[in-house]
Amino acid sequence: MKYTLKITLTLFILSLFTATVFAQKNLTADQIADKTYNAYKCFGDDRITTAKMDIKDKNQKTIMNREILVVRKNVKNSSKQKWYAYFKKPADIRKMVFMVWKNPKKDDDRWLYLPSMDLVKRLAGSDKRSSFAGSQFVYEDITGRYPNLDKHELVKTDDKYYEVKSTPIKTSGVEFSYYYTWVDKKTFLPTKRIFYDKKGEKQREYRVEKTKVIQDFPTITQFSMTNLQTGESTYTTYSDLKYNVGIPDNLFTEAYLRRSPRKWLKYNKK
Amino acid sequence: MKIIHFAIERPKAIVGIMLLVTLILLAFIPQIKIDTDPENMLSESEPVRATHNMLKEKYEMSDILVLGIINEKHPEGVFNKSSLTKIHELSEFIYTLQEIEEETETTPPAEENSLDKEKIKKYKGVIKRDVMAPSNVDHIEPVAPGTLKFDWLMATPPADEKEALLVKEKLLSNEMFKNTLVSEDGKAICLYIPITSKDLTYEISTKLQDKVSEYEGDEQYHITGLPVAEDTFGIEMFIQMALTAPAAMVCIFVLMLLFFRKLKLIYSPMIVAMISVICTMGLLIATGNTVHIMSSMIPIFVMPIAVLDSIHILSEFFDKYPEIKDRKKTIVKVMEELFRPMLFTSLTSAAGFASLAITPIPPVQVFGVFVAFGILVAWLLTITFIPAYIMMMSEDSLKDFGMKEKAGSEKNLLMRFLQKIRILTGTKPRAILAGSALLFGLAMYGISLIQINDNPVKWFSPTHPIRVADKALNKHFGGTYMAYLSLTPNQTTQPDVKEISNGLNQKLEKYLNQTDSTAAIKVALTQVIADAQKNESEEKFFSALTDNLYDKADESETDGEMAIWEELTSIVELEVLSRNQLFKQPELLEYTLQLEDYLLKEGTVGKINSLAKLVKKLNKELHEGDEKYHTIPDNVSSVAQCIISYQNSHHPEQLRHLVDADFNGLNLWIQLKSGDNKDMEKTIASVANFFEKNPPPKEIKHEWFGLTYINVVWQKKMVEGMLDAFLGSFLVVFLMMTFLFRSPKWALLCMLPLSLTIALIYGVIGFIGKDYDMPVAVLSSLALGLAIDFSIHFLVRAREAMNESGSWKEASFSMFGEPSRAISRNVIVIAVGFLPLLLSSLTPYKTVGMLLASILLLSGLITVILLPALIQIFERFLISKKE
């Protein structure tokens, strides 16, 4: 386990190095998109963090807060992932859990646990573009969109960013017509992303507000999504983010939804 | 009189000055600013308006246009592939009806990211996100045991008839949509199209009309909603103005030609009328006033009054010229006789309108003041321009002018009629008096039947597309008139901290008893609560309590102990949250459901949408669609969890229209079956009644907003204001008459015909059940101003004639000559002249036309019948008093 990690890390740093110094011009748009996805959503074997969401109205006034324990685990030798979101605040949705098994080839499996009614609901359907808990993020923004769903073009390269235009291959089920990503040439993290609506007008802007290197991984710790057509926005801040803490598989099971992830709620206190 | 002599001596100078002033004011007319917003019937600072705007902002509401699609022919109504495909396409078209108005920068937060921040766009037109259409709403459905599906209700048009029926099933399964988006019979769908500003309604509805006119098929398309009615009215009003005002002019012109038979001569009153209108409107625009629905009627009101005096002059001139045979001498004689009555009739008419300045409604004030101004302009022109004009005509051109039929006068229909009246008033004065009294009594009863009501949709004639749409859609749906009722907390008393903490303590102890807690924890908890209780305000109590509980959790020695403290903290936090977020509380949601049921039974309301309805629906679908759960869950957390399930949908922001962001304001969407103000008033009363009989579980206050409500408010203000204005001007006119006649008795006499006229007009309105609406209210001032004219002319000259001849019997012969003819001519010219208004497609214009004709006919008749009879009876009393 540790060994693989080291290899991955070394490989990654090597690739970073190569990318920045030697192979800048030679990277294809698809390669950049893959690297971005990897840096953005896949680092480590697992990752745990506490996310604070500030949901703001068009006057930039915070109207709702959410505090969520977000856990992600990569399925070994696969591009599958498992996501677990446990709501800590506000008090009236405390213990609510949203769980996703992300599948590259078929619809994701999604569950919602509503504690006060003690209901576990499987969410059917392929729609990944509905709001995440009333925020400006759709849930695909949280779990990440597989790069192979889009066709990518490298539009521009300057000394700091790759500007990539991505157009969905299947247009049904998506509310945007394409999006542009400004990819940091050093970290391959997306720095800014603009979604265009079906009329070709700018619709939503994703921005990275803060990054930090955590356990050698360049990591986004604060980001925002602004609806450019209404002015409403959501700011998310990650705190106590840790990679490779050894999250067990049973956390991501239907049976576990009803249980409080006590151990993981206090991971930051260790 | 000096000015008249000047006009007679230097006619060209008068014409020159007149033209100059007119041209200057005419130059302002292109700067016209039209304002068709009925909200402006209330002044900007009006509290009701401030509340309306504040609540609109709070719930992010917009004005809504309604597009209804009905298919009566297909057995499944609109739920067939073809109709739904059109509806889908129409919705897509509707989304495009917006454009970027401006882009604003957002303040850049402190950040590391140096890439440009995008600007926020502000759109005008359709608010795409809030459009209510099958393709823009979510459908929630349990698809298998334990499995829930959230999806667009109709993302794509149905592929076949079976899918079309599925759309129907989905729509009807949602109480929020039934009777709002879809009719219960499945024949129709309504698309609700919110727009950024009311004044875009006409433009957008025209585009929609153009779009639907491309479609073939069995569907009917209807566009309605108050903003449509109001904006369309504003636009059509100006078209009507441009059609009816000239038509009225032509009618008056033709009639005058019939009476006076001198084309050249009758141009002059036309010129007076036109210039009066130009000057009035020019000044109105020059002074920066917008042309509102009311002020657009100024020309229609100024014209008859402007023509009135000129007709008196021409009528006299026509009668006297054949005797005197010198235009200068004739005009001097005529002007000497008419100067005083004309001055007073103009002053009284102007006073009648100027009195509108005391109403609390800005557009009515502007209207009153400028009509008054127009009347005075008309007066000035009449006494200067008419003599000047006559002087500028050659003596030759007048030579065959006048009473050619003097010898055979008995044959003249009008004169024979007047003679009959003279004989009648001479022989049966008491019967006339009794008859008038009886009529007055009846009129009073009629007035008591008057219904105060207005409805902008009824400003259109029944065949107008807006009226047709209104009827068709309200037949299928719960009503297309939206009124909004906002509920907010209204805490008047400070809650008692002891009471709160006792309630809370029970919940905490209940939890402790269910878990393996130790006695030590119980003791510690009691201490923590006691410490917190030292705070007097609710806020401080809770913050002290949570702080202490967190400390306890941190100090815990074991994981188990810590878990208990954390759980206790969250119970307290939930308590704080539910106390602060009033409308997550089940008992308040239940209460609004009771209110809804009550209102539906009262009859004026067809449908109500609310947060309670949404929560019920979600609760049911979360429980496998089980009807048993079509209720409000019994605790705050469950309500909150139903709501967050909804927030996981495509349009979580739409929740804002039902409840404000902090759940401290609830907005009920009330669909009224009619836009009649009286129905809205009834609904307001029902709600007030409900609150009185059923005190809410928490102190809350309710406030109305929305256009339907605004209309009621200004109507009420207008009716009260009009009454004040009318009574005020009645008094002013009476005082002026007393001054004119230097005798209160004569003044009183003068007021009688107009009082009877107005009583009869409004009595008839009461009897026939015509609503007392804005045009009817405003006409009371016109009635006063016009009706008094005839009495003044009649009485001033009757008194002079009586002074000359010594008795009424002698005087009556001359009184039923020239003066009565002038009055009759006036009546006929103006009454008939305004009949073209009846052809208008807008009801207020018809009303004005009808009422103008009636007022003139009645007041003319009453003047020549009632006044002679009264003079006959009270002759001695009147004369002796005078001397």
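Tutor: Two residues are in contact if their C-beta atoms, placed from the backbone, lie within 7 Å. This is a predicted model, in which local features need a pLDDT of at least 70 and side-chain atom pairs count only at pLDDT 80 or more, while totals for chains, interfaces and linings use all residues. Residues are numbered from 1 along each chain as its sequence is written, and chains are lettered from A and ligands numbered from 1 in the order in which they are written.

Let us begin with the contact between the chains. Chain A contributes 40 residues and chain B contributes 38 residues. On the side of chain A that touches chain B, the elements giving two or more residues are the strands S2 (62-74), S6 (119-124), S10 (190-197) and S11 (202-214) of chain A. S11(A) provides the largest share of that side, seven residues. Helices (H or I, at least four residues) and strands (E, at least two) are DSSP runs, numbered from the N terminus. For the complex, the predictor gives an ipTM of 0.89 and a pTM of 0.87.

We turn next to chain B. Its average pLDDT, the predictor's confidence in each residue from 0 to 100, is 88, and 97% of its residues score at least 70. Three of its strands form an open antiparallel sheet in the order S7-S2-S8; two strands pair if DSSP finds at least two bridges between them. Strands S7 (188-195) and S8 (219-224) of chain B stand at the edges with a single partner strand each, so one side of each has no neighbour in the sheet. Between S2 (residues 63-71) of chain B and S8(B) there are six bridges, and Gly68(B) has His222(B) in S8(B) as its bridge partner.

Chain B also contains helix H11 (residues 362-392), whose 31 residues should span 45 Å at 1.5 Å a residue; its end C-alpha atoms are 43 Å apart, which agrees. The expected span is 1.5 Å times one less than the number of residues. Of the 31 residues of H11(B), 24 are buried, so the helix is largely enclosed by the rest of the structure. A residue is buried if 20 or more other C-beta atoms lie within 10 Å of its own, exposed if 12 or fewer, and partly exposed in between, with C-beta atoms placed from the backbone.
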